[in-house]
Amino acid sequence: AVQRGAARQTPGATMATHSSAEPINGSMFPIKMEASHDISFDRDKSLMRTQLQAGFGEEAREGSTVTVRFSVYSPGDPDELTVFDSDSTHRDGIRFIVGQTLHAEALDRAVVGTAPGSVVEVICVDDAQAQDGVLHIQPPKLSEAAKEKIRKMQMNEFAKREPSIIEEQNIKFKQEVREWQPPVSLTRWRVRLDSATEGVIPVLLKWPQDRLAWATTQKEFAQTLLQAGQVARACRRYKKSMLDLEIPTDWTPEELLIQRNRLRLALHLNICHCALKIEHFDEAIWHASRALLMDKSNVKALFRRGSAQLLKPNNPNGLEEAIADLSRASQLDPSNKEIGRMLIKARMAQKDHDKQQAALCSRMLAAAAK
């Protein structure tokens with residue numbers, strides 16, 4: 001069980017260990033392997049993990065300090081390319097805190113739920129999640145020949161799928177097949193977990209003070225990711241903080257409930273900020289709206305929702321809402337030049353749209369009069 005205040009393991013904590021003497025490099029197609037499963041935060045199959053060897057002892061979780069050894073490969077022509085091998089640069093392995101590391105997200109998520117001695121393979125098709133600025137890992141772009149090979153393999157997998165008795169699922173699947181494109185990069189991560197300290201199971205954090213502290217830690221690290229330019233990853237970490245905060249808890253006394261609501265408001269605003277940067281406009285609008293339910297005069301929420309409505313493509317009906325939000329934000333903070341510039345942009349866009357609509361009506365009327 002997770003003890004109160006155990007959000008982060010102390011450096012002297014007992015570690016489950018496993019010998020790191022054995023080599024970890026192996027075939028791209030191992031003979032024995034468990035079923036591949038999705039370990040990506042968004043469950044979009046960008047990170048698919050297969051356990052090749054089971055371990056024993058304390059499982060790595062969020063907040064665990066772990067030591068790993070790993071290799072990274074990419075498809076070549078005809079053989080695989082070795083992108084990185086930790087044994088050549090870090091003979092004693094690489095150590096980091098799960099969920100609080102600037103190492104590649106593919107590596108961070110690879111070890112969650114595994115025990116020391118485990119060996120896993122992760123196929124990563126998201127270029128950003130395979131980048132590691134600490135170790136200078138940059139996944140190579142796939143060649144056209146490699147993309148074609150992957151396309152054929154994927155289409156063969158699609159062809160094996162049996163039709164569903166639910167027609168909606170068949171329609172959704174056909175759309176997935178039509179829209180599927182080969183990734184920009186593809187990397188294979190072969191990771192051995194050598195040691196892990198006790199981590200955190202958020203659902204077992206019963207004390208509200210502990211839940212606040214843990215969610216705040218997640219939020220603070222998301223800010224670190226954002227400052228490092230990892231916007232999409234920061235957005236996912238803010239969401240993780242929100243999810244951990246929303247686990248049912250007895251928020252008494254009232255002061256703790258107030259702190260929880262302040263943190264929740266900040267998370268909605270931060271997620272909205274990240275969503276705007278990565279152009280997930282619907283998500284930005286949703287989180288800004290949730291923030292405004294908590295604080296109807298929040299300038300940041302009004303500005304970000306108005307900006308998302310304005311910047312969302314093919315959204316002429318959102319122009320009126322954008323102007324309303326930005327006008328309200330400008331009234332509340334008249335000295336904010338950024339709000340003023342966005343409001344001018346929204347009004348100009350509305351004028352252009354009105355002119356286009358007037359011209360369209362004129363043409364329709366002219367055509368009807370003939």
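Good morning, everyone. For today's residue classes, Ala, Val, Leu, Ile, Met, Phe, Trp, Tyr, Cys and Pro count as nonpolar, Asp, Glu, Lys and Arg as charged, and the others, Gly among them, as polar. The model is predicted, so local features need pLDDT of at least 70 and side-chain atom pairs count only at pLDDT 80 or more, while totals for chains, interfaces and linings use all residues. Residues are numbered from 1 along each chain as its sequence is written, and side-chain values use heavy atoms, with hydrogens and water left out.

Let's begin with the pockets. A pocket, on a 1 Å grid over the protein atoms alone, is an open set of points with protein on both sides within 12 Å along at least five of seven lines; a cavity is a set where a 1.4 Å probe fits but cannot get out, and lining residues have an atom within 4 Å of a point. Volumes are the space filled by probe spheres set on the points, which are joined across faces, edges and corners.

The largest pocket has a volume of about 1600 Å³. It is lined by 41 residues, and Ile123, Val125, Ile150, Gln154 and Leu186 are the closest to its centre. By class, that lining divides into 19 nonpolar, 7 polar and 15 charged residues. Helix H3 (144-160) gives the most, with 8 residues. Helices and strands here are DSSP runs, numbered from the N terminus (H or I, at least four residues; E, at least two).

The second largest pocket comes to about 270 Å³. Of its 18 lining residues, Ala128, Gln129, Gln131, Gly229 and Gln230 are the closest to the centre. H6 provides the largest share of this lining, 4 residues.

On to strand S7. Why is S7 largely enclosed by the rest of the structure? Because 5 of its 6 residues are buried, where buried means under 20% relative accessible area, exposed over 50% and partly exposed in between (1.4 Å probe, protein chains only). S7 pairs with strand S3 (residues 47-53) in the antiparallel sense over 6 bridges, and pairing requires at least two DSSP bridges between the strands. On the S3 side, Gln53 stands opposite Val119. S7 and S8 also run antiparallel, joined by 6 bridges, and there Glu121 has Arg190 as its bridge partner.

A nonpolar core is a set of buried Ala, Val, Leu, Ile, Met, Phe, Trp, Tyr and Cys residues joined through side-chain atoms within 4.5 Å. Of the 26 residues in this one, Val68, Phe70, Trp189 and Val191 touch the most other members. Beyond four places in sequence, Val68 is in contact (heavy atoms within 4.5 Å) with residues including Ile94, Phe96, Leu107 and Val191. Apart from this core lies another, of 18 residues, Leu226 and Leu267 among them.

Last stop: Gln350, in helix H11 (residues 337-369). Is Gln350 buried or exposed? At 18% relative accessibility, Gln350 counts as buried. Leaving out residues up to four places away, Gln350 touches Leu319, Glu320 and Ile323. Its C-alpha atom is separated by 54 Å from that of Arg95.
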